[in-house]
Amino acid sequence: MKIVMLGAPGAGKGTQAKMIAEKYGIPHVSTGDIFRANIKNGTDLGKEAKTYMDKGELVPDELTVRILLDRVAQEDCKNGYVLDGFPRTIPQAEVLDTELTKLGEKIDYAINVEVPDENIIKRMSGRRACLSCGATYHIEHVPPKKEGICDKCGSELVLRDDDKEETVKNRLNVYHQQTQPLIDFYNNKKVLKEVDGTVDMKDVFKAITDILG
Ligand code: AP5
Ligand code: MG
């Protein structure tokens, strides 16, 4: 099963993608997490990606596509995957589509997690992220057991550099201009499913599993 998660920054794509990955036994592939791991490790890729991410802009398609295609070519992606944060532009979606077609494959579901912009900014300021293992928390909705420490790996939790209010506003603009058109793209392919992302995360997940079966 190959799934694409769509939705604004902070809609809950990562939260839901992790639960989907666990339930269906497929890898969770997040381009944002891959970039953040590279930034943390000080790689050249990380250095380049950071210049865009800190401004809330997209990393260039060419670089992002190369990273994503490398990742999904790995053995653990053989039986499917859930993509979170990719594709994010029409050219990215077209490359993915072309590559899958060559293999006789396709995206089975594109799940759009809908959350209005007003809710997003509030959510982001409460988010805390673990840059070591990619786990995500929220100081009100999903607090860690011990404040500031990741339950899963014991690392320190941080407010992401791009979760500052001004940067979030820019990410929302970029989303509306460059990523929202993907809703039509996947609707035309008859794989689009929409879920309400404003309800409790367990209920969002229930709506998703009702779709995936
Ligand atoms: P990326 O890491 O993908 O960030 P994003 O799309 O902006 O999305 P987020 O991770 O911020 O939000 P999310 O939808 O995963 O929400 P979450 O589950 O954490 O990308 C970062 C940057 O990398 C981009 O800006 C770009 O520069 C670059 N990049 C990445 N991919 C790229 C690509 N393909 N092309 C080019 N550039 C790329 O939830 C948010 C918060 O809300 C959490 O605290 C969570 O606990 C809470 N929450 C979740 N669900 C609920 C709920 N139902 N109710 C209440 N709270 C909830
Ligand atoms: Mg995310």
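This briefing walks through the sheets, cores, salt bridges and helix contacts of the structure shown above.

The model is predicted, so local features are described at pLDDT of at least 70 and side-chain atom pairs at 80 or more, while totals for chains, interfaces and linings use all residues. Residues are numbered from 1 along each chain as its sequence is written, chains are lettered from A and ligands numbered from 1 in the order in which they are written, and side-chain values use heavy atoms, with hydrogens and water left out.

- Helices (H or I, at least four residues) and strands (E, at least two) are DSSP runs, numbered from the N terminus.
- Two strands count as paired if DSSP finds at least two bridges between them.
- Four bridges link strand E1 (residues 2-6) with strand E3 (residues 81-84) in the parallel sense, and Ile3 stands opposite Val82 in E3.
- E1 also pairs with strand E4 (residues 109-114), again parallel and over four bridges; here Leu6 has Asn112 as its bridge partner in E4.
- E4 and E8 run parallel and are joined by five bridges, with Leu192 in E8 as the bridge partner of Ala110.
- In a regular strand, side chains alternate between the two faces of the sheet.

- Strand E5 (residues 127-130) pairs with strand E6 (residues 136-138) in the antiparallel sense over three bridges.
- These two strands, E5 and E6, form a hairpin with five residues between them, and Gly134 in the turn has a positive phi of about 85°.
- E5 is also joined to strand E7 (residues 157-158) by two bridges, and this pair runs antiparallel.
- Ala129 takes part in both pairings: Ala129 stands opposite Thr136 in E6, and the bridge partner of Ala129 in E7 is Val158.

**Nonpolar cores and buried residues**

- A nonpolar core is a set of buried Ala, Val, Leu, Ile, Met, Phe, Trp, Tyr and Cys residues joined through side-chain atoms within 4.5 Å.
- Buried means under 20% relative accessible area, exposed means over 50%, and partly exposed lies in between (1.4 Å probe, protein chains only).
- The largest nonpolar core has 43 residues, of which Met5, Leu83 and Tyr186 touch the most other members.
- Apart from this core lies another, of seven residues, among them Phe35, Ala49, Val59 and Ile67.
- Beyond its neighbours within four places in sequence, Met5 is in contact (heavy atoms within 4.5 Å) with residues including Lys13, Ile20, Leu83, Val113 and Ile208.
- Gln92, in helix H5 (residues 90-102), is buried, with a relative accessible area of 2%.
- Not counting residues up to four places away in sequence, Gln92 touches Asp61, Thr64, Val65, Phe86 and Pro87.

**Salt bridges**

- The whole structure holds 16 salt bridges, each defined as a side-chain nitrogen of Lys or Arg within 4 Å of a carboxyl oxygen of Asp or Glu.
- Asp162 forms a salt bridge with Arg160, with the closest N and O atoms 3.0 Å apart.
- Asp162 is buried at 9% relative accessibility, and Arg160 is buried at 11%.
- A network of salt bridges links Arg127, Arg160, Asp162, Asp163 and Arg171.
- In helix H7 (residues 165-179), Lys169 and Glu165 lie four residues apart, about one turn of the helix, and they form a salt bridge with closest N and O atoms 3.3 Å apart.
- Lys169 is partly exposed at 34%, and Glu165 is partly exposed at 46%.

**Where two helices meet**

- The axes of H7 and helix H8 (residues 181-188) come within 6 Å and cross at roughly 35°; axes are lines fitted to C-alpha atoms, for helices over the stretch in contact, and angles run from 0 to 180 degrees between N-to-C directions.
- Among the residues making the contact are Tyr175 and His176 of H7 and Pro181 and Leu182 of H8.
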